[in-house]
Amino acid sequence: MLRRSGFIFCLAVTVALMAVILLPLLVVVLGSCVNASLLGLSTDLWSGSRNDIFDFSAFAYIFQNYGDWALFSLELALGCVAICLLVAVPAGYALARHPFPGSLLVEELVLLPLSLPGITLSMGLLAAYGELRGPYLVLAGHLLYTIPFMLRVVTATLRSFDVGRLEAAARSLGATLPQRLFLVILPNLRHAMMVGSLLVFAVSWGEFNVSFLLNRGRPQTFPAVLYDTYTNQSIQISSAATTIFLAIVIPAVIAIQWLGGRESSDLEQGA
Amino acid sequence: MRTLDATIATPPIAQADRRRQLAPLLLSAPLLVLLLALLVWPLAHLLRQSLLLTGAPAAGLTLHNYFEIATVPRYRHALTWSLELSLAVAAGSTLICLAPAWLFTRYQFPGKRLMRGILILPMTFAGMIVGFLMIILLGRTGFIPQLLERLTGKPFLSGVGYQFPGLILAYLYFEIPRATLTLESALRKLDSRLEQAGRSLGANRWQVFYLVVLPVIRPALISTFAVTFSVSLGSFGVLLVLSIRRFTLLPLEIFTQYIAPPTDQGLAAAMSFTLLAVAFATGYGLRQVARRMEGGNA
């Protein structure tokens, strides 16, 4: 009986939180393409007079005016994934398997940006490399916030089983270093690298604080499109931009959730 | 057989040892370079900038910018409001998210994965997006006020999204995933037999919670508080969209100080460093406290 009432209480709070999260998203997604008066919303702020039920003109507007911004943001996110894989996976292996003096400090330092305000770090980057302001500095800022995710997933995976023993077994069977790398270590890291890449991609795609300050001129990142439409455009166009944003982020989060619960607890901090 | 033995014996131990020491350093060298170039060096620059007067860098190092934050009411309020808001949001989200974290770790039921996925969704939303969502939901022509007006004939809750409740709700919105995940990973380690033992000794539900569960999860509560506090402290996107009159937060002040024309880079740098020091001190300090508690319990 006690157990039952505890369950119902927790379930009620959780359902309420779900409603708070989902309701505005639902209104935004529907409002971007369905006639506002059908949703029970006043039409004057949402759009002009329309008689159609569906209207995708706002999406056409976004793609026409901000298509290159979206493309830039996608390129940036993929670039982050590539660099994180190249930098954080070998380092994660070294830190987890062969700790050296000061390696704990390195791990702390990598995680540090997650608990520091983005505006501070971007101001620091501007103070040091102000003349480089532009896409490359944005990439630098994104790396600060994405490397921790990749590194954490990789080190957590390597610490969850005895990879040293697997390596020793492979070596005793005569496997050379490249064989051990490609047949033992990397296959065991494949899952972690997939989850890590998705995390890095999602974080980079959603990052606004750092990119906005570090960039100059066009094109900006996609969250800057959102800011632009929120401040200058009708709610319908803003909703369409937000819907496009969600269409990229939601599949990534679903994939992370689907791929595994253990790594997704590494999400716990973030931009 | 003899030759095989010989090949196994030959690799000189010293050489293998040196390789074992060098390899991890080489593997993590790119990461170290990136950290030095993108984190340590820029922060050192920022510290130096905060100690220089913007108009007269030749005047040498001075704490004038920091004094200005402490004395000019607008900046001082921005700092205290930032602290108050972050404290409230961190405490609130830690308490509220205890319920879903408990639900996900203690009970098995259909649809759990889906519910968890929905709560994690706002993880990568920038604050500015959440601000927009609040306008959609509770703005002057937001969904809820219009729905209520249709149902009751009176415009209830209209424009609340632009005021403090909207601000708090927006901050809670993007803290839900962080708080839930941090608490969840801590609760998973908690042995449910402890609660059963407490109950079998005659404790009621609240006694079990206060006397058995709470002492064990206190480190998790503290580290969740630390995570949510530091995230709230650095966020300004919500206010960028909602813009409440006569209210400001320190990160927003930095942002406007840096973007809007009469810029004062030294002052902005000093504000940045103040924010960084507070975020780092609370985050690091609380994590140390949590770690010590965990050590004491084990």
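At what angle do α3(A) and helix α8 (residues 177-206) of chain A pack, and how far apart are their axes? In this predicted model, the two helices meet at an angle of about 140°, and their axes are 9 Å apart. The crossing in which α3(A) passes α8(A) is right-handed.

**Chain A and its helix pair**

Chain A is built with twelve helices and zero strands, so that its pattern along the sequence reads α-α-α-α-α-α-α-α-α-α-α-α. Of its 271 residues, 48% count as buried. Among the contacts in chain A with a separation of 6 or more, 75% are between residues 24 or more positions apart.

The contact between α3(A) and α8(A) involves, on the α3(A) side, S73(A), L76(A), A77(A), C80(A), V81(A), C84(A), L85(A), V89(A) and Y93(A). On the α8(A) side it involves I185(A), L189(A), M193(A), G196(A), S197(A), V200(A), F201(A), S204(A) and W205(A). Sorted by class, this contact has 14 nonpolar, four polar and no charged residues.

A82(A) also lies in helix α3 of chain A. Is A82(A) buried or exposed? With 11 other C-beta atoms within 10 Å, A82(A) is exposed, because a residue counts as exposed at 12 or fewer. The C-alpha atom of A82(A) is separated by 9.6 Å from that of V200(A), although the two residues are 118 residues apart along the chain.

**The contact between the chains**

Chain A contributes 72 residues to the contact with chain B, and chain B contributes 76 residues. On the side of chain A that touches chain B, helix α1 (residues 2-31) of chain A provides the largest share, 17 residues. By class, that side of chain A has 53 nonpolar, 17 polar and two charged residues.

| Helix pair | Angle | Axis separation |
|---|---|---|
| α3(A) and α8(A) | about 140° | 9 Å |
| α11(A) and α6(B) | about 135° | 10 Å |
| α10(A) and α7(B) | roughly 35° | within 10 Å |

Helix α11 (residues 235-259) of chain A packs on helix α6 (residues 112-120) of chain B at an angle of about 135°, which makes α11(A) oblique to α6(B). The crossing of this pair is right-handed. From α11(A), the residues V253(A), I254(A) and Q257(A) meet R113(B), R116(B), G117(B) and I120(B) of α6(B), and by class the contact has three nonpolar, two polar and two charged residues.

The axes of helix α10 (residues 222-232) of chain A and helix α7 (residues 127-138) of chain B cross at roughly 35°, and their crossing is left-handed. The contact is made by P223(A), L226(A), Y227(A) and Y230(A) of α10(A) together with M128(B), I129(B) and F132(B) of α7(B). Here the residues divide into seven nonpolar, no polar and no charged.

In soluble globular proteins, nonpolar side chains tend to be buried together. In this model the largest nonpolar core has 162 residues, and those with the most contacts inside it are A88(A) and M128(B). Helix α3 (residues 57-97) of chain A supplies the largest share of this core, 19 residues.

Which residues does A88(A) contact, leaving aside its neighbours within four places in sequence? A88(A) is in contact with I147(A), M150(A), L151(A) and V154(A), and also with L31(B) of the other chain.

A170(B) is found in helix α9 (residues 164-187) of chain B and counts as buried, with 30 C-beta neighbours inside 10 Å. Its C-alpha atom is separated by 9.4 Å from that of M128(B), 42 residues apart along the chain. Apart from neighbours within four places in sequence, A170(B) is in contact with V130(B), G131(B), M134(B) and V238(B).

R246(B), by contrast, lies in the loop between α12 (237-242) and α13 (250-259) of chain B, and with 6 C-beta neighbours inside 10 Å R246(B) counts as exposed.

Notes:
Residues are numbered from 1 along each chain as its sequence is written. Chains are lettered from A and ligands numbered from 1 in the order in which they are written. This is a predicted model: local features need pLDDT of at least 70, side-chain atom pairs count only at pLDDT 80 or more; totals for chains, interfaces and linings use all residues. Two residues are in contact if their C-beta atoms, placed from the backbone, lie within 7 Å. Helices (H or I, at least four residues) and strands (E, at least two) are DSSP runs, numbered from the N terminus. Ala, Val, Leu, Ile, Met, Phe, Trp, Tyr, Cys and Pro count as nonpolar, Asp, Glu, Lys and Arg as charged, and the others, Gly among them, as polar. A residue is buried if 20 or more other C-beta atoms lie within 10 Å of its own, exposed if 12 or fewer, and partly exposed in between; C-beta atoms are placed from the backbone. Axes are lines fitted to C-alpha atoms, for helices over the stretch in contact, and angles run from 0 to 180 degrees between N-to-C directions. Angles under 35 degrees count as roughly parallel, over 145 as roughly antiparallel, 65 to 115 as roughly perpendicular and the rest as oblique. A crossing is left-handed if the near helix is turned anticlockwise from the far one by less than a right angle, and right-handed if clockwise. A nonpolar core is a set of buried Ala, Val, Leu, Ile, Met, Phe, Trp, Tyr and Cys residues joined through C-beta atoms within 7 Å.
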